[in-house]
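Here is a short report on a protein model. Look over the sequence and the structure first, then read on.

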Amino acid sequence: MAKTSKPSSASKIPWRAIIIVVVICVAAGLLAWKFDIETVHDYASGLNAAVVFVLLTLLPLVGFPVTVLHVVVGMRFGVPLGLSLVAVSIILQLLASYALVHLFRAKFAQRLASVRKRIPKAAHGSMCLFTMLLPGVPYFAKNYVLPLLGVPLRTFLLVCAPIHIARSSVAIIFGDKSDDLTPARIIGLSVYFSLTLFVSWWMFRRIRSQMDDKKPRARASAQAKAA
């Protein structure tokens, strides 16, 4: 009697993550109403622009939460300039990550062993996309593990930079509008977050299923050649 396979966790819609994001947006709105968020904006506006950009670029390389920095950038520069500066910082971080991995390969291999085990073998483009969508892996770990797996610099930049930049826009917009979080804007941000998570989940599931389908074919091809 054939065993019925249980659906994998990747096939389930990430309701928990979506609910958490909605709760965060609502909580942020309540905090903005309860506390003087304008004072925070005034403080952010007084920060030295050069210092903010340097910290924005360097801190994520050592594991600092990048979303927090993107929110601050949204407060300090607004959406158009903030998104431009974040895009530049992301490209610099990818280049720096690539260089650091090639300089200290053994140390990165040891520290990122657990992440490497979660990434299946695939073409470099698919590998990058899979890793970018992999849930639960920090920003800096994704940037370090892909060069460690032998992804060429060109593919690394072309796949990873657009995804990182697109995701950063959420935090930047939130930072820019955090001093005027009306109920409509909270709902809009919640919907935007939820759609982003849903699309990421759908793409992750599709890529994973495609990789799983290729494994039996590769084994059959190898067995045929051996015969």
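Cys-160 is buried, with a relative accessible area of 0%. This is a predicted model. Cys-128 counts as buried too, at 0% relative accessibility.

How many disulfides does the structure hold? It holds zero. Cys-128 is in no disulfide, and the nearest cysteine sulfur, that of Cys-160, is 4.4 Å away. A disulfide needs the two sulfur atoms within 2.5 Å. The sulfur of Cys-160 is 4.4 Å from that of Cys-128, its closest cysteine sulfur, so the gap is too far for a bond.

## Helix H4

Helix H4 covers residues 66-77, which makes 12 residues. From its first C-alpha to its last, H4 reaches 16 Å. That is close to the 16 Å expected at 1.5 Å a residue.

Which residues of H4 are buried? They are Val-66, Leu-69, His-70, Val-71, Val-73, Gly-74, Met-75 and Phe-77. Just after H4 comes Gly-78, which takes a positive phi of about 80°.

## A lysine in helix H9

Now turn to helix H9, which spans residues 139-148. Lys-142 lies in H9. Is Lys-142 buried or exposed? Its relative accessible area is 5%. Buried means under 20%, so Lys-142 is buried.

What does Lys-142 touch, leaving out residues up to four places away in sequence? Its contacts are Thr-131, Met-132, Leu-133, Leu-134, Val-137 and Arg-167.

Notes: Residues numbered from 1 in each chain as written. Predicted model: local features only at pLDDT ≥ 70, side-chain atom pairs only at ≥ 80, totals over all residues. Heavy atoms only, no water. Helix = DSSP H or I, 4+ residues; strand = E, 2+ residues; numbered from the N terminus. Buried < 20%, exposed > 50% of the residue type's maximum accessible area, 1.4 Å probe, protein only. Contact = heavy atoms within 4.5 Å. Expected span 1.5 Å × (residues − 1).
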